[in-house]
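Me: Could you walk me through reading this one? I'd like the general idea each time, then the case at hand.

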Amino acid sequence: MAQLLQHLINGLAAGTIYALVALGYTMVYGVLKLINFAHGDVMMVGVYMGYATAFVLGREARSSLLGVALIFAVAMLGCALLGFLIERFAYRPLREKPRLTALITAIGISFALSYGFQLDIGFLPGASPRAFPEVIEPTEWLIIGDRDVVVWNWQVISFLIAVALMVGLQYLVFRTRFGRAMRAVSWDHRVAALMGIPTDRVIALTFMLGSALAAGAGLLYAIKDTSVSPLMGLYVGLKAFVAAVIGGIGHVPGAVVGALVLGLVEEFVVGYAASTWRDAVAFGFLILVLLVKPGGLFGRVAAEKV
Amino acid sequence: MMETPALPVPEARSPIPASLRGIFPVLVALPVLALFQWLLSESPFAVYLLSVMGVNIILAVSLNIVNGMTGQFSIGHAGFMAVGAYISGVLSLNLKEVALSFLPVAASDQVLFTVALLVGGLAAAACGFLVGLPSLRLRGDYLAIVTLGFGEIIRVVVQNTDAFGRALGLSGIPQYSSPYMVYFWVFLVVLVARRIAGSSHGRSLWAIREDEVAAEAMGVDTTGYKVRSFVISSFFAGIAGGLFAHFVPIINPGSFTFVKSMEIVVMVVLGGLGSTTGAIVAAIFLTLLPEGLRSLFNALGTEGTLAQKVDQIRMPIYGLMLVALMLSRPQGLFGMREIWDVLPRWIPRRRRGLS
């Protein structure tokens, strides 16, 4: 029973991080109908930005509340800028081209980022994973029994940050002018443009928002894992994508639910079956969902409009 | 009964007299074969490089059936290659001692090799069906993610199975493969791809590529055609894997990663989505390029550092190349045309017609 509870906690903690990344996929898919393959790798770049900031700050400053806030701010702003550049120079010129060209471009960017960061030329970090500094001193907060169930402080903190970001996003999408514009573009960007909505700006801002969320999630992941490597974007990004599809891609609360489900399933498979199979779980689950309920839990398979 | 008059066939203008045209292929093939023979006797590295090139051609041409002709996008071709490599490799390892008594040893080896290849290819095709059916019922970009995930699953399965040598890989697979066998399969896959492109089956694939909704409205069974082309493609990827496993000293999960898949994707995109000869040209080019760069850097004597980094640097360059290609020339080198459509005027062309 205690073991079950512990797995439940770990699964939820992992799920909230996937959820933040999945939100980026789902938002971009919502406005552009494009799977932004490079999303996970943008996240990876953000984590390296945070890593560099922590390095510059030094051991004392990075553990303070201000230091942590600064690390998050640098990573999120940097990623927003990166997202903006990618959208402006790689995706926007292809917006009216066949969808395949944009997809290939996205795959190309993802590949260039994840393998470019494996070089050890100039400022690039090289292929081997590095230890991410413990910006949040890990302590055990809630212990039930004799260490049967342990809740770490970073689990609670990342859960709170994730929930706060999600609530903020929900507010942004459904209660603000920008959110209304976003939903209009998602519905039909040509008609939205006719209604006077600056679609280019809305799409660019959506990209920046998604990238910033990814950077935040990536930092939480790196703190949990205490490591950062050029390939983390590929793996976390893929799992988050799986989560977004499980929830029904384009559906904001669906992405969160899908991510929590995926986090739990992964944790239980690792805990009760075999830990070496962890990376295969998500994709097996994805194929299963596509077979049984191809639109995801909340999405529906819309008839393609001509 | 009167025969309907045949339509006048335009006389192909060609500098070569008609009487010579029949033996033209032989005239081309003889020096190529002679070159082959010479290269092979010269160095084992040439044999290896030639075999790798052939395997890459098979992979690129087969991937082109899905990515180019059908307009779907698979980025897990190396996963199917791995299935073929491991299945046929394990089969050959276990049948090492077996010899068909009614055949000479060499012939019996080749028969067993062919059987192993076919089993590996069929296993890969079965995996292709398993992966393709759910994802091809949906919009095409699901296929990209699912094939990528499939590659990961294969890696995890191999790393957790004793029969496949776990992370260490399989070694000691009998070295049955030869460039002749590899290029026999190159011939077969090119034949299949060209025949598909020229048949009504191929017309349906083009239709799906151009506009899936319109194709469906015209009565094309889109899911069926997509899954079929995917299965054919994975079959040949499995064959390529099997060939690969029988001429390299060891196969391990590292040989069939996402990097390998991307390499094949770049070949197809560079050659032109839908162009079989384009895929062949790009595969040859991209196989020889790293070797050429390496020997160039070695010759320049840059203390071997750059030469060592060729393998590392080429990966981000592949990514940037895809982006640059999409932005400047999304149709690739040849677009949907074949090499004889873009050759200069003075070389005799095939008549434009079907395919």
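Me: How many residues of chain B are in contact with chain A?

Reply: Two residues are in contact if their C-beta atoms, placed from the backbone, lie within 7 Å. Here 36 residues of chain B are in contact with 33 residues of chain A. A word on conventions: this is a predicted model, where local features need pLDDT of at least 70, side-chain atom pairs count only at pLDDT 80 or more, and totals for chains, interfaces and linings use all residues. Residues are numbered from 1 along each chain as its sequence is written, while chains are lettered from A and ligands numbered from 1 in the order in which they are written.

Me: Which helix of chain B gives the most to the side that touches chain A?

Reply: Helices (H or I, at least four residues) and strands (E, at least two) are DSSP runs, numbered from the N terminus. On that side of chain B, α5 (105-136), α6 (141-159), α11 (258-271) and α13 (305-328) each supply at least two residues, and α6(B) gives the most, with 13 residues. By type, the side divides into 26 nonpolar, 7 polar and 3 charged residues. Nonpolar means Ala, Val, Leu, Ile, Met, Phe, Trp, Tyr, Cys and Pro, charged means Asp, Glu, Lys and Arg, and the others, Gly among them, are polar.

Me: At what angle do α3 and α12 of chain B pack?

Reply: Two packed helices are described by the angle between their axes and the distance between the axes. Axes are lines fitted to C-alpha atoms, for helices over the stretch in contact, and angles run from 0 to 180 degrees between N-to-C directions. Helix α3 (residues 44-69) of chain B meets helix α12 (residues 276-300) of chain B at about 140°, with the axes 8 Å apart. Among the residues making the contact are B:Val52 and B:Ile57 of α3(B), and B:Ala279 and B:Ile284 of α12(B). The contact of α3(B) with α12(B) holds 11 nonpolar, 4 polar and 1 charged residues.

Me: Where is confidence lowest in chain A?

Reply: pLDDT is the predictor's confidence in each residue, from 0 to 100. Strand β2 (residues 140-144) of chain A is lowest, at a mean of 74, and helix α3 (residues 65-91) of chain A is highest, at 91.
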